[in-house]
Amino acid sequence: MSASSSAVKRSLNVGDQRLISNMIKRVGVLTGGGDAPGLNPAIKGLVYRGSELDVEVVGLFDGWRSLLNPLPEVLPLDRNTVRTWDRDGGTNLGSSRTNPFRQVNKQGETEDRSAEVIENIRQLSLDAIVVCGGEDTLGVAAKLAPRGVRVVGVPKTIDKDLPGTDYTLGFDTALRNITEVIERSRTPAGSHGWVQIIEVMGRHAGHLALWSGVAGQAHIILIPEVPFRYEHVFQLLTSRLGQPTLNRAHSQRPRYAVIVIAEGARAEDGEMITIDDRHDSFGHIRLGGVGDVLARKISAETPYEARAVMLGHPQRGGTPSPIDRIMGMMFGARAAEAVAAEHFGKMVSARGIAPVCEFPLVDIATVSGKIATVNVERDYDVERYHLKHLGM
Ligand code: F6P
């Protein structure tokens with residue numbers, strides 16, 4: 001270990017110092033699942049802090065898919081390569097939704113190819129893998145860990161639905177993107193007197209819908225955790241808009257309303273709406289279209305005209321927000337420390353968000369097969385379809 005890295009080692013806590021060996025560790029980093037702003041900052045943090053702790057980093061392309069190739073290509077990552085990555089959205093390593101435990105072969109049969117992943121890790125002489133992902137990608141890591149693969153997880157998903165952490169990379173940037181659209185939707189909705197429905201991602205969790213709805217001051221927010229009643233939505237609209245009147249000059253009422261609806265929301269007597277019936281290798285179906293269903297229903301059964309917009313993938317797009325840059329770099333740096341201290345089978349997590357937060361390591365099994373949804377009792381008012389305790 002060099003003189004400067006000895007000093008860095010002393011900056012770790014005593015338990016971690018004891019565990020650090022003087023050997024250089026070679027780790028592969030991969031990003032899997034839906035891309036998210038904050039992944040590139042995380043890789044930068046990993047490489048920068050790793051360079052102080054004798055952790056050498058190589059990039060693996062396109063998530064777990066890279067480790068199913070017969071000869072996986074790797075990208076050596078040094079400080080110079082990743083110097084400007086903190087400003088980049090998406091993932092410069094590419095991503096895929098690959099489940100090595102469920103691969104469909106040429107005969108159309110499903111097979112477990114996880115042994116190839118393990119063999120490739122050995123062939124590449126990787127001491128450990130840093131896995132940046134959500135429930136699926138980290139779920140694979142959690143299943144490989146008991147088989148001797150040394151993994152450290154970094155939580156990423158705009159859905160913010162991972163247990164064991166208060167923050168997941170991409171959430172804040174997605175909130176920023178959605179809030180901007182809510183703002184911009186107000187002028188057409190106001191001019192034309194529409195009910196504007198904005199459908200946002202989040203799969204089976206309502207965090208994105210709830211918090212973007214609050215940030216953008218939507219009037220009604222519909223989340224998957226609480227199936228809604230159409231009649232109740234109509235009543236809430238009537239109490240805001242009243243009956244449409246031609247006597248505009250003297251009307252004190254607003255002429256428009258904004259509804260934010262999560263893609264996984266459904267009516268009490270309805271099904272979740274999906275884009276098609278295909279499932280990915282993790283068993284997920286693509287959600288989408290519930291906003292349009294709601295708009296048709298409002299237009300058909302109330303005096304109000306409604307329009308829906310499904311925001312789709314641009315919610316995850318663009319440069320990372322300041323929070324995603326900071327949290328990404330901090331998560332990455334913490335992952336390098338975990339590797340150096342040989343804390344494997346763990347996921348870096350956050351208690352709180354930047355700038356006031358802590359970064360404990362939790363068992364990677366925490367995320368396997370579970371999601372963290374909105375705490376309805378604490379945060380959601382089921383009468384007003386909105387955040388509790390805001391006096392709105
Ligand atoms: O998990 C992130 C997410 O953006 C979800 O909010 C959304 O349901 C899903 O990914 C979309 O999947 P895909 O990117 O494969 O279309």
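**Close-up views of the ligand site and the cysteines**

**View 1. Residues around the ligand.** In this predicted model, the ligand is surrounded by R97, T157, I158, D159, M201, G202, R203, E263, R286, H313 and R316. Sorted by type, the residues of this shell comprise six charged, three polar and two nonpolar. Among the charged ones are R97, D159 and R203.

**View 2. Side chains facing oxygen atoms of the ligand.** E263 has a polar side-chain atom 2.5 Å from an oxygen atom of the ligand. For R316, an N or O atom of the side chain is 2.8 Å from a ligand oxygen atom. For R286, an N or O atom of the side chain is 3.4 Å from an oxygen atom of the ligand. The ligand on its own exposes 390 Å², and the protein buries 85% of that area.

View 3. Which pocket does the ligand sit in? The ligand sits in the largest pocket.

**View 4. Cysteines C132 and C357.** How many disulfides does the model have? The count is zero. C132 takes part in no disulfide, and the nearest cysteine sulfur to it belongs to C357, 17 Å away.

View 5. Is C132 buried or exposed? C132 has a relative accessible area of 2%. Buried means under 20%, so C132 is buried.

Terms used
Residues are numbered from 1 along each chain as its sequence is written. This is a predicted model: local features need pLDDT of at least 70, side-chain atom pairs count only at pLDDT 80 or more; totals for chains, interfaces and linings use all residues. Side-chain values use heavy atoms; hydrogens and water are left out. A residue is near a molecule or strand if one of its heavy atoms lies within 4 Å of it. A polar contact is a pair of N or O atoms within 3.5 Å; within protein, one must be able to donate a hydrogen and the other to accept it, and residues adjacent in sequence count only if both atoms are side-chain atoms. Accessible areas come from the Shrake-Rupley method with a 1.4 Å probe; for residues, only the protein chains shown count as cover. On a 1 Å grid over the protein atoms alone, a cavity is a set of points where a 1.4 Å probe fits but cannot get out, and a pocket is an open set with protein on both sides within 12 Å along at least five of seven lines; lining residues have an atom within 4 Å of a point. A molecule sits in a cavity or pocket if more than half of its atoms lie within 2 Å of its grid points. A disulfide is a pair of cysteine sulfur atoms within 2.5 Å. Buried means under 20% relative accessible area, exposed over 50%, partly exposed in between (1.4 Å probe, protein chains only).
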